[in-house]
Amino acid sequence: MKRTILQVAASLLVCAGPLHATNTSNLPTGYYTIKSATTNTSITHVYAFNDAASTTVSSNSMKASERTLLSTTLGTTNNYYWRIVNSGGNTVTIVNGQGTPIVREDGNHGASGVAKLSTLTPVDANSTYTTAVYFSEGLCAPGASDTNHQYGDYTAINYYKNYVGDITKWNLTQSEEGKTFYTVSVTGNTNGYITRTATSERAYNTGFFVFDADATAPTASDFTAAAIDGYGAQISVDATAHTITVTYSYNAEFLRSDIAAAQAVLDKTGVGYPKANSTARTTFKQAIASAQQTLDEVGEASSSTTFSTAVATLNAAINTYKQATDIQMPEDGHTYVFTNVHPQSGRKYYNYASSGCTMVARGDGDAESLPQSAKFTCRVVGDKYVFVNNEGKFLSWRYKTPKSGVTGTNGFTDSYVAATNGMTFAKMQFTSYTTSATSLADLFGYVSFGGLKTDGSSSTASSFFVVKNDGTFDRTDLNNWYYNTTYSNAFQVEEVTYPNTITFNAAEGIDGVEQIATFSAPFATVVPQGVTAWYVDQVNTAAHLQSIETGKAIPAGQGVLLTAPSSTTSAIMLPATSETAATISSNGLGASAGAALTLTDDTHAYILTRDTENNCTAFCRGRIGSVLKMNKAYLKLASGGSAQSFMMNFGGISTGISQIEAQGSFEAPIYDLTGRRVVRPVKGSLYIQGGKKFIAQ
């Protein structure tokens, strides 16, 4: 026979006059069903239950599973039962069969929040027969006309402040007769829970399942533990103590996997990622090493709380590392591809076009395979970053169409303009505009960059590149970050190879020259410190070279020879910005600036290489059909000849070897022994002409 708490109280009290609710201290600990005590016949949702598994949502997307609901009928599953424990104080503890508390709405659909109540406070003065118990927490069963708390077929318990009436009073009916309650204990993972296979009932830690008293005792095979990545679970049932225990334990294999994942994060380097020497990277390395040490020490144990602690620590370290602000920026002389990452339209790379730069879909292809028009070489100028492409164009901010006051209509300039071409870079930030990202971790490695937008000097005169979902451009400033279904200024900046890094070779048989290389580029370049750049001003029995004036840049498209001391084995040729290009009126060196060159009969090309026959470095005849790599130089003749190689004359000092008759368009000049050119030789004096010494007659 079921008894209400009020009936229990009546058996304990003998008094005259109206009967009042029993004192809280007489409320028995036990399992109950809860029903609204309202006498209003229009209120049909009266039985309280929780549904932790529910995915039903209201029009404002608040989950029904996040609050306690009311049903028209009383269900038989554990989520309609409540365990109330009275420890003799003024309050009682309460938990649902699913292991969840009372979750009361404080406003319309939780607009003012929800309250999770693991304890309730009965108010004796407001609790009367036969309308049962009133709680000071103001639990209310809303009327049928109150649609502010409806969730599909159910209504949520809400808060009625300071109201004492039948809709805020509840009947608590003990439900233990003929029932056996098995308490659930879940350890090892706070997200763990267990499901009763036959009924799909769910119970978290402190929850319980309800069985008929005369039913066969349940066994572990009647239940399934929730699957949680990295964890195994064991279920045990004690039919005597009426308990079900679920023990989650971390698996070593998953810790090993997490360490590998963390290492993969650490291995990401380049623009947008923490610097190689940053404190963040050092700290993260230590966290990975600590996790590995834990794995090594514990071994392959199948159950260890140490594993879960290590994983939690490692995951926290990953999140911290991803939010590091000391990130790598573009570097001098390095070449990059800019890919906009859009949450709706995918990945598009920034591509030069003479009519205006565009965004081109790239998918997941390798950046190296993209066309040269997508690759931009960097020059760092103060705190700005200047980029020039293989067409010799300088990157500038790009807007969608010409507009008054807006400078970036094409995305490039033909020559360097300090204000326009200086780009600003910043780590992507998570703001109200980045609605497609859940956290800063989702934006790890992404940067925003941009430059001058208008001719003004205000704080909004510059803008990040902003790409719309249709691939067109928009504008903002340098304080707004977008990553949503319409806009994105999240860019992935990938370094790619470009032939502006030269490798020197030993200059064999050339007096006074230790290292030598050829170079050209489609943009003006700076001569590195310690390196001398030369061009050929005339060719006869030798290639006569003149050095480019110190401080001047190598002009775009001009081929040069570079010489350096033995300590210099390589050099990066930086794009010139404010440097003045040297004036070269006539150059006997051809260039493969911007594209590889296939040698033909008409090229008349001699390539700098080792002359094996004469055991020295020289310009040797190029093989027809061979390919000269991009950004190299070669000696060119006005017409073909029989010579197999040319010696080189650096500033009047003849070096190397000549095996040809006079070839080019110049008469062989005469030099004295100091290297000065002589117009009228003095009889009896020693001179050099065509690489040979002679005494003037």
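**Exercise 1.** Which residue lies over the face of Tyr-193, and at what distance from the ring centre?

*Solution.* The structure is a predicted model. In it, Arg-202 is placed over the face of Tyr-193, at 4.1 Å from the ring centre. A further case is Arg-475, which lies over the face of Tyr-399 at 5.2 Å from the ring centre.

**Exercise 2.** Classify the aromatic pair of Tyr-182 and Phe-211, and locate both residues.

*Solution.* Step 1: the count of aromatic pairs comes to 37. Step 2: for Tyr-182 and Phe-211 the ring centres are 5.3 Å apart and the planes stand at 75°. Planes over 60 degrees apart count as edge-to-face, so the pair is edge-to-face. Step 3: Tyr-182 belongs to strand β15 (residues 179–187) and Phe-211 to strand β18 (residues 208–212), so the pair ties together parts 29 residues apart in sequence. Step 4: Tyr-182 has a relative accessible area of 4% and is buried; Phe-211, at 8% relative accessibility, also counts as buried.

**Exercise 3.** Carry out the analysis for Tyr-350 and Phe-465, and name the cluster to which they belong.

*Solution.* Step 1: Tyr-350 and Phe-465 form an edge-to-face pair, with 5.3 Å centre to centre and 75° between the planes. Step 2: Tyr-350 lies in strand β23 (residues 346–351), whereas Phe-465 lies in the loop between β31 (462–464) and β32 (466–468); the pair therefore ties together parts that are 115 residues apart in sequence. Step 3: Tyr-350 is buried at 1% relative accessibility, and Phe-465 is buried with a relative accessible area of 0%. Step 4: both residues are members of one aromatic cluster, which also includes Tyr-336, Phe-338, Phe-376 and Tyr-385.

Terms used. Residues are numbered from 1 along each chain as its sequence is written. This is a predicted model: local features need pLDDT of at least 70, side-chain atom pairs count only at pLDDT 80 or more; totals for chains, interfaces and linings use all residues. Side-chain values use heavy atoms; hydrogens and water are left out. Rings of Phe, Tyr and Trp (its six-membered ring) pair if their centres lie within 6.5 Å; planes under 30 degrees apart count as stacked, over 60 as edge-to-face and the rest as tilted. Helices (H or I, at least four residues) and strands (E, at least two) are DSSP runs, numbered from the N terminus. Buried means under 20% relative accessible area, exposed over 50%, partly exposed in between (1.4 Å probe, protein chains only). A charge sits over a ring if NZ of Lys or CZ of Arg is within 6 Å of the ring centre and within 35 degrees of the ring normal.
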